[in-house]
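My entries follow in the order in which I looked things up.

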Amino acid sequence: MPPIRSIQRVINFFITLLLWSYFLFGSIVFFFLFYLPAYFFAGNRITAFQKLNHLHMKNFFTLTRWLIPRTKFAIPEEVREIHSSVIVCNHLSYLDPILLISLLPRLRTIVKSTFFKVPFFGWLLKNSGYVPSAPSEMLGPAMINNLESIKEHLAAGGNLFVFPEGTRSRNGKLMPFNKGVFSIARYCDAPLKLIFIENTNKLFRPGTFSFNARAFNIVKVELIGSLTPDYQGIDFSISAVADQARSLYEARLATNKEKN
Amino acid sequence: MTRQEIEREIKNIFQREFEVENPGMDDNLREEYGFDSIDAIELLLEIEKLLGFELTQEEKKLAMEIRTISQICDYVEKITQIKATLAGDK
């Protein structure tokens, strides 16, 4: 292996170690200093936990900027100003959800139910008002309870974000959309904001546990569309809204291809 | 709305929204057509549109237990009757 490559790997390893150390030890510090008092004393525990998550992840990305100066972040103000909306987002890397949390203080999402079983992390997710994707939570009366709670959260200025592809794209191409997010938006009578994330997969590649600190990279978060469907309209169709959203993502991806 | 009108409207919704042609009245929607909870939410919202008013949380929860077209029609009929009675009382 050429020596430069070995040095790059060592740098990546140490930066990764520092970042995940912050993630782990920062969580412990946050737990004792903030989460625990918020759990017992906050007037609105869920909102307090969401704001703490936001602060914790904001710190994480501040540290990322310091440690990985070759990666820049291009995030327009209009993204940070989104409120009372259902955010639809493409998914490239494990960094995507925590990046969104670092940008928006009042955020909820639907999370794989297995994460709720992880000690501490599951407790954090539950108290942050995140909804498990378990069948028991997405069926019958429990589903109505969850949807009503999301509706209240949106009415109070919060956002819900969902990756309609369900999982990370390994090749940057758009995977099939699950229509569930559009049904949730309809139930909540909420507008849809389409967010396009770019290059998080270059900073933290799927299938690896290492940050890429050496590459010159710009992580972009862009608002590519705002949809306010007429949910009560006679011609309203969930499929049409889902298709419209997908076509906006395809158009955005096509623009990237032309540039390259 | 008569029972026949309700049945016709519900079947229209199934054809239009879920691409299910002439479903059997007692077919188990989950087993026969892969009807899931998100579809059930869509159906609820279509029923609200059909009735012209918003259902209460309790009414919505009741609907989540429904499994057949026949039960959907019973549900719509029951809700319509309750609303008509309440309107009559006022």
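**Entry 1: the sheet of chain A**

I looked up the strand order in chain A and found an open sheet of seven strands, E1-E7-E6-E2-E5-E3-E4, with mixed pairing. Here strands (E, at least two residues) and helices (H or I, at least four) are DSSP runs numbered from the N terminus, and two strands pair if DSSP finds at least two bridges between them. The edges are strand E1 (71-74) and strand E4 (131-132) of chain A, each of which pairs on one side only.

I then followed E1(A) to its neighbour, strand E7 (residues 217-227) of chain A, to which it is joined in parallel by four bridges; within E7(A), A:Asn217 is the bridge partner of A:Thr71. Helix H9 (residues 238-259) of chain A packs on the sheet and touches strand E2 (86-89), strand E6 (192-198) and E7 of chain A, contact meaning heavy atoms within 4.5 Å. The direction of H9(A) makes about 30° with that of E6(A), where axes are lines fitted to C-alpha atoms, for helices over the stretch in contact, and angles run from 0 to 180 degrees between N-to-C directions.

**Entry 2: what I must keep in mind**

I note that this is a predicted model, in which local features need pLDDT of at least 70 and side-chain atom pairs count only at pLDDT 80 or more, while totals for chains, interfaces and linings use all residues. Residues are numbered from 1 along each chain as its sequence is written, chains are lettered from A and ligands numbered from 1 in the order in which they are written, and side-chain values use heavy atoms, with hydrogens and water left out.

**Entry 3: chain B against chain A**

I found 16 residues of chain B in contact with 20 residues of chain A. The area buried between chain B and chain A (accessible area, 1.4 Å probe, lost on putting the two together and summed over both) is about 1600 Å², and carbon and sulfur atoms give 59% of this. In chain B, the residues that lose the most area to chain A are B:Ile38, B:Lys49 and B:Lys61, together 31% of what that side buries.

Four salt bridges (a side-chain nitrogen of Lys or Arg within 4 Å of a carboxyl oxygen of Asp or Glu) are counted between chain B and chain A. A:Arg186 forms a salt bridge with B:Glu46, with 2.9 Å between the closest N and O atoms. Helix H3 (37-51) and helix H4 (57-63) of chain B are the elements that give two or more residues to the side touching chain A, and H3(B) gives the most, with eight residues.
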